[in-house]
Amino acid sequence: MDSELTVIGGGLAGSEAAWQAAQRGIRVTLYEMRPVRNTPAHVTDRLAELVCSNSLGARSLDRALGLLKEEMKRLGSLVVACAEAAAVPAGGALAVDRTAFAEAVTARVANHPNVTLRRQEVTHLPDGATIIASGPLTSDALAAEIVALTGQDRLAFFDAIAPIVEADSINMNIAFQASRYERGEQDEGDYLNCPMTEDDYHAFVNALLAAETIPLRDFESQDRRFFEACLPVEVLGARGSEALAFGPLRPVGLIDPHTGRRPYAVVQLRQDNLAATLYNLVGFQTNLRWGEQQRVFRMIPGLENAEFLRYGQMHRNTFINSPALLDATLRLRPLTSNLQPPSSNLQPPTWFAGQITGTEGYVGSAMSGLVAGLNAARTLRGQPPLAFPPTTMIGALLHYISHAEPKEFQPMKANFGLLPPLEKRVRRKPDRYQAYARRALSDLQTVVELLE
């Protein structure tokens, strides 16, 4: 079989997929349309640009994302390696300097001898082996090609981006540095915290709910659905006067050193770059107009003079109905479409990867790119594809997106609820999660040895 592969999309999934295939001797052509054509969310032409949070989630193995990253690390993930090299302080999380991270991924991929990087939009699917990793902001032309190929209408929900402020503009006479329950690696903690009194909190919520949002475009307003793990702050606030106080503004585990008491609510800011000059507002994804963001968010104690270097915004997130289309190796099943007859012999081998599959979040996106890249390389080399054990976090998440009920399918982040039960019941949740992790890494070892 031809040992050439096309990868469409230079995000986390596409970069990881191209790298994995290239490392296995496959000649890869990677298409990224930026900067020839930009998206509503990206601001650079770098591969693997992070457009929302700069956090890749928990490091600890007793957390789902921590286990997923460890599995990927043992499989030689490019994204995890570059993230660790660009890490910034974030307590128990792996957060990165987004510029350093994207530059590292871009350099590694673009300079690989088996990768050809082409900066152009793909408007027609190629005839040969292809990985489609075009992401949540897939262009209209490519989306139409995907719809024609799969025979399935595209689905869309909305994702939102949190604002970033300049560190020097934060009033440290009010804000304080700490991690919840002092879990940070530094004695003073890894987050900046803006404490609110009860009056501060309710004045803020009232202003937030009265603020003007950006009108949705026609194609967006037809299907207004939000992903629960990334709700715009104003949408969450509208669910009840205390919704934010029990959500992203919860004060548990934090004591204000200026008062010696726990605040009524707390807005946390997370370091966004290695130089610690930028901080993002944790949980503050939003679709408020930019002027309204400045007015309302400056009501937060400590941010009264905040300089916003990036405002929040909301954008469309497109994904396919993966359970109806993909198997657990991320390959498109043989199907009848408008383009081709129902014959696997005539359908070019095609894999999907990234958030377009419903593997939600940065790490899940990169993981699916890793698996698609591995399996594309194995297929092109005449080897059988790999379906990961369902006891691993990789296998469990891919089993979910390929076996969920198609009519009710929604994107899913890694979580321990996806894993099959342990043979012996473990009552305490922390102990149970650690047992899940031990079993997962043990079962993953068979895959690692197979790839050596």
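Leu330 is buried in this model, with a relative accessible area of 0%; buried here means under 20% relative accessible area, exposed means over 50%, and partly exposed is whatever falls in between (1.4 Å probe, protein chains only). The model is a predicted one, so local features need a pLDDT of at least 70 and side-chain atom pairs count only at pLDDT 80 or more, while totals for chains, interfaces and linings use all residues. Residues are numbered from 1 along each chain as its sequence is written, and side-chain values use heavy atoms, with hydrogens and water left out.

Back to Leu330, which sits in the loop between helix 10 (322-325) and strand 16. Helices (H or I, at least four residues) and strands (E, at least two) are DSSP runs, numbered from the N terminus. The phi of Leu330 is near 75°, a positive value in a residue other than glycine. Ala48 has a positive phi too, of about 55°, and is not a glycine either. Ala48 belongs to the loop between strand 2 and strand 3 (55-58), and with 0% relative accessibility this residue counts as buried. Pro35 is found in the loop between strand 2 and strand 3 as well. A cis peptide bond joins Pro35 to Arg34, with omega at about 5°.

Five strands make up an open sheet in the order 6-2-1-7-16, with parallel pairing; two strands pair if DSSP finds at least two bridges between them. At the edges are strand 6 (115-118) and strand 16 (350-352), each of which pairs on one side only. Neighbouring strands of the sheet are turned by 20° against each other on average, direction ignored. For such angles, axes are lines fitted to C-alpha atoms (for helices, over the stretch in contact), and the angles run from 0 to 180 degrees between N-to-C directions. Strand 1 (residues 4-8) pairs with strand 2 (residues 27-31) in the parallel sense, over five bridges. Within that pairing, Glu4 stands opposite Arg27 in strand 2. Helix 1 (residues 12-23) packs on the sheet and touches strand 1, strand 2, strand 6 and strand 7 (130-132), where contact means heavy atoms within 4.5 Å. The direction of helix 1 makes about 165° with that of strand 2.

Which residues of helix 9 (residues 290-297) are buried? They are Glu292, Gln293, Val296 and Phe297. These residues cover an arc of only 110° around the axis, which puts them on the same side of helix 9; the arc is that of the directions from the helix axis to the C-beta atoms. An α-helix has 3.6 residues a turn, so residues three or four places apart point the same way. The buried residues of helix 9 pack against helix 6 (198-210), helix 8 (233-237), strand 13 (278-281) and strand 14 (308-310).

Phe297 turns up again among the aromatic rings, in a cluster where ring pairs link it with Phe204 and Phe284. Rings of Phe, Tyr and Trp (its six-membered ring) pair if their centres lie within 6.5 Å; planes under 30 degrees apart count as stacked, over 60 as edge-to-face and the rest as tilted. By this rule the count comes to 11 aromatic pairs. One of them is edge-to-face: Phe319 and Phe409, at 6.0 Å centre to centre and 70° between the planes. This pair links distant parts of the chain, 90 residues apart, with Phe319 in strand 15 (residues 313-319) and Phe409 in the loop between helix 12 (393-403) and helix 13 (429-451). Phe319 is buried at a relative accessible area of 0%, and Phe409 counts as buried at 3%. The rings of Phe409 and Tyr400 have their centres 6.2 Å apart and their planes at 35°, so that pair is tilted. Tyr400 counts as partly exposed, at 22% relative accessibility.

Helix 12 also packs with helix 11 (residues 362-380), at an angle of about 90° and with the axes 11 Å apart. The two helices, helix 11 and helix 12, are therefore roughly perpendicular to each other (angles under 35 degrees count as roughly parallel, over 145 as roughly antiparallel, 65 to 115 as roughly perpendicular and the rest as oblique). Gly364, Met367 and Val371 of helix 11 make the contact with Ile394, Leu397 and Leu398 of helix 12.
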